[in-house]
Amino acid sequence: MAEKDKAEEAIEPINRLDAKSIALQAMLPGIVSDFKVTINTAFDLVVVAVEPEEIKQICLLLRDNDETAFDYLLLLCVVDYEDYLQVVYHIYSTSLKHTLVVKTNVSPEEPSLESVTPVWKGADWYEREAHDLFGVSFNAHPSLSPLLLYEGFEGFPGRRNYEMPEYKEW
Amino acid sequence: MSLIIDVGMRVSLILGLLTGLSVVVLSLVWVERKFLGRIQMRMGPMVVGPYGLLQPVADAIKLVAKEDLLSPWVDRIVYWIAPLAVFIPSFMIWVTIPISRDIVIRNMDMGLFYIIAFSVLSIVGLVAAGWASSNKYAVLGGFRAAAQLISYEIPLIMAVLGVAMLAQSLNLQEIVNQQDTYVYALVQPLGLLIFFIAGLAEIGRTPFDIHPAESEVVGGPFVEYSGAHWSIFFLAEYINTFAVAALTVLMFLGGWLLPGLSGGAITTVGVLVFFAKTYLVILIIFWFRGTFPRLRIDQLMSFGWKMLVPLSFLNIILTGCYMFYGWPAWLMSIISVTILASVFWLVSKRMNNTKKEYTVHIYKPESLEVKNAG
Amino acid sequence: MSLAGIVFYILAVISISMVGVLVLITTNYDLSLAETVFYILAAISLVGALGVVATRNVIYASFLLLTSLMGVASIYLLLLAEFLALVQILIYGGAVIIVILFFIMLTRVHEVKSITDNSQKPFAFITSLLVFGLLLAGILNSNIEVGERSSVPFTELGTSLFTQWAVPFEVASLVLLIALIGAIVIARPKEDE
Amino acid sequence: MVDQDINKKLDTVQMMVNMGPQHPSTHGVFRMVLAVDGERIVDVEPHIGYLHRGSEKLCEGEIYVQIVTLFDRLDYLSNLNNEMVFCRAVEKLMELEIPERAEYIRVILCELNRVASHLLFIGTFGLDVGAMTPSMYMFRDREKIQSMFEAVTGARMMHNYIRIGGIKNDVPDDFIHRMKSLIVELKKGLEEADKLLSFNEIFLARTKNIGTMSAKMAIEYGVSGPSLRASGVPIDIRKDHPYSIYDRFDFGIPIGEIGDCWDRYYVRLEEVRQSISIMEQALYQLPDGDTITPTRFLLRPPKGEVYVRGENPRGEIGVYMISDGTDKPYRVKVRPPSFCNLMTIKDLLIDTYVADAVVILGSLDIVLGEVDR
């Protein structure tokens, strides 16, 4: 339990925003007003926490809106907080040069999420990797075949509760 | 009884030729490695023997003593015959290549035709090797070899034809003797160029080393071969290289003839002259290998069919006119050089839809300039 | 030391010597030896030809065809028809066989079941018998004189080809040209594709 | 019936060619399954993961100081850049001040590392195209850089030299002198490569208009670094979001027009020139002083998460690190530049020739250690 407390505290906001992020933080609520989001900060970046069902619509909106124009996916990553899996999208705008973090939580039992490959093609392998290592299944992804692990690998080695098999030295 | 002696003599001649060619190949390997080393600012082999002279011998021993690896899926019979099918033609053409006046195993009246006919046969060996290896890369390599060699056979024959027309003979001895006053390279620079390029493509050396391309098809038809089998291919390749260089020398560069050399000395000193010229041509081939990248198969084919074949026909027509109207030799060379120059100009212009200009620019944001100024 | 390697080398040397001797032997030799060589070559050609029809592997068949054609070329060589022999090697040995191999390897031929039995079988049988009989009769009836072998000078061949046989020569080249153009027309992609 | 069967089956056969994981031109253990029609590629299926070591998971079990060595081993051709980006992540979270001199030495060494990596690229790209001499020239020059690294850090690769708070130790006394002579040699070597390869007709024919990546496609896939800039998108983290002391130097961003293999090659060549210029400026400005801000061995950064971006030779590297306040990070995730660049291979390869496949893959300049992590 102790570890979990730590984890939850870990997302406690620290504010070191630069000018672009401050402007973004001010602008965002107007743009995503249709959705249920919470806007937060993490160190120098603006963080938007969204519902997993809405992730694809929000991403599309953020990409196509001229004021945000997030056309570049920096990083898609899954963080295992034991109680829930957090899928984190770092997105960037090549024209406006600002960065945003989009987060969404899914349950660890049957994590399932809408794929963002139609939004950014670059999400393809990231999602396959997340599927491999954390078992998050992305709906409507072109093919979720194993990328880093071999076919038929058991378990999700990225998760914190994964038991490492005993290896013999040879 | 005399029959046995005679056959024995001929067998020993062939064996002698085999030995001689093996020595030449060993020397070529050494020269190539040293020369490439020099081009690439390194020493080349230095350990075995003085200046690494015995390195090729050590390599040969290693190759023969090596275990023969055989993939279980290969087609044994074709796999075993293929190296021979490549090697025998490349060896057989040496029966009629003279190395000096009257120093030749058999002086054939149709020597050049014989050489061309036999050199075609080795393609079958390459395709067979590619197919028998049961390897996708080998099959790709075999296809490439077949396509490439068949295409370049035509300009090669045409270039040879020009020389044959000039000399009124297909006999190599005769062709060299005809070059007494001036070498054919002066009369037919176009023919020389076509022959040399097509010859390079025939033996598959850089920039035409498309069928054994290491970085693409990992050695092409030879990918599954090892040890003695592979070394037979290797021998064939170098013998072919030597043959192309020798033919260039014989047909265009005056063979064993040298200004000031006459009388009985021609036969003996001629051997040295011939070898010196041949090795110079071979060094040019190695030099290409050191500097050029490799062409792609479709570029190679379009170059062959759209450039070399028309040019070689033009060469023949020119030669015909020259013979028929009895033009002076200098006129012929001038025309030839003019055509060459215009072709070079055309090619470089055509190639330059791949423009020779910088498509890369240095971008400096405005803000930085301001920052530096302040 | 690998035995296979050494054996292979010895094999290579032997076969090279054989081919070499064959090429060298054809000049200035009395007929008695030539006859022996002829029978060997004829046997090679025949076995090759039989193999072409007997084997089920198409690749083998094409290689055997090559053997047979080479055997015929050697016979030409034996008859001092050097030019013919070389043309045989150049055209059949090189070009034709390569094209056949290309076809076989690039297409799915080996996956199509070979059809060994159909309604035309009796006709084919009769036709082949007829052809065989015709050839046999021709050979038996003809009165071939065994004379001295003499090699025709190359220049003479050329002269006769371009004077006496000029029209057939041109017709043959025209036919080839038509075939060439036809091949291009068939092979080029259709406009609407 | 029979006729139909024959007509149907006499088309040319599509052949599956398995390129890699053992193939001389896949630059490591990368595997592509190509469906080829003759020489033309119809379909590509890339496979990675042969070098997957779970580096990110390993990071969760190591203390911060140890993780630097793990980052060394991600991309074995740009070790210092990797070390730097991780150290910057920790420093950013701890809000640690780095001594001036350490920053300068970091930048000099990182740029030197970039030069070494690009030189290797030029050499191996030459090999992919079929020219063997450039690789020899480039390895000769890279060797000089490696011995320079050895003199400074004690190791040719896997330096573990950049530490959290600064650098391991000060540079040797004759560092500036040696660097200056090294830069002169590098410039000379680079011109040689330029003359030998860049405008060779065959090289142009093999690389111009081959594997063209449009700016739109590059951005969609998240391509970064020289490959992105070759498509004409002037994004360079050193310029757009200057980290360390990169805002003090005057340098340009080479960008291409077409985004073909030649542009990707020449952008890198041009970048070497820019890096050399940065090094010259940094050497000129190099101040005296401390080289490390002393920290505890068992670092405990405050709770929080941080995302740090850096410009690697291969593209933009990012480190997303979550700290839970203990001596080990809660989660470390790397944004591997080669991973994103390699993703485009499928779109780039379709409808090219087999020979082009090798050239296009080479022009992306991937390191599999980083793709698989």
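1. Let's start with S231(D), which touches M213(D), S214(D), A215(D), A218(D), G256(D) and G259(D), leaving aside residues up to four places away in sequence; a contact here means heavy atoms within 4.5 Å. S231(D) sits in the loop between α10 (226-230) and α11 (237-240) of chain D. Helices (H or I, at least four residues) and strands (E, at least two) are DSSP runs, numbered from the N terminus. With a relative accessible area of 6%, S231(D) is buried (buried is under 20% relative accessible area, exposed over 50%, partly exposed in between, using a 1.4 Å probe and protein chains only).

2. A word on what you are looking at: this is a predicted model, in which local features need pLDDT of at least 70, side-chain atom pairs count only at pLDDT 80 or more, and totals for chains, interfaces and linings use all residues. Residues are numbered from 1 along each chain as its sequence is written, chains are lettered from A and ligands numbered from 1 in the order in which they are written, and side-chain values use heavy atoms, with hydrogens and water left out.

3. Now for the salt bridges, each a side-chain nitrogen of Lys or Arg within 4 Å of a carboxyl oxygen of Asp or Glu. Over all chains, the count by this rule is 44. Within chain D, D141(D) and K144(D) pair at 3.6 Å, N to O. Both belong to helix α6 of chain D and are three residues apart, about one turn of the helix. D141(D) is buried at 0% relative accessibility, while K144(D) is partly exposed at 27%.

4. Which residue forms a salt bridge with E280(D)? The partner is K187(D), with the closest N and O atoms 2.7 Å apart. E280(D) lies in helix α12 of chain D and K187(D) in helix α7, so this pair ties together parts that are 93 residues apart in sequence. E280(D) is partly exposed at 35% relative accessibility, and K187(D) is partly exposed at 38%.

5. Another pair to find is E220(D) with K216(D), whose closest N and O atoms are 3.5 Å apart. These two residues are four apart in helix α9 (residues 215-221) of chain D, about one helical turn. K216(D) counts as exposed, at 58% relative accessibility. There is also a network of salt bridges linking E111(D), R114(D), R229(D), D236(D), R238(D), E271(D) and E311(D).

6. Next, look between chains. Four pairs of chains are in contact, and chains B and D share the most contacts. Chain D brings 59 residues to this contact and chain B brings 44. Together they bury about 4500 Å², 61% of it on carbon and sulfur atoms (buried area is the accessible area, with a 1.4 Å probe, that two parts lose on being put together, summed over both). One salt bridge crosses this interface: D356(D) with R296(B), at 3.0 Å, N to O.

7. Finally, compare the make-up of two other chains. Chain C has seven helices and zero strands, and 27% of its 193 residues are buried. Chain A has four helices and seven strands, and 52% of its 170 residues are buried. Chain A and chain C do not touch, their nearest C-alpha atoms being 29 Å apart.
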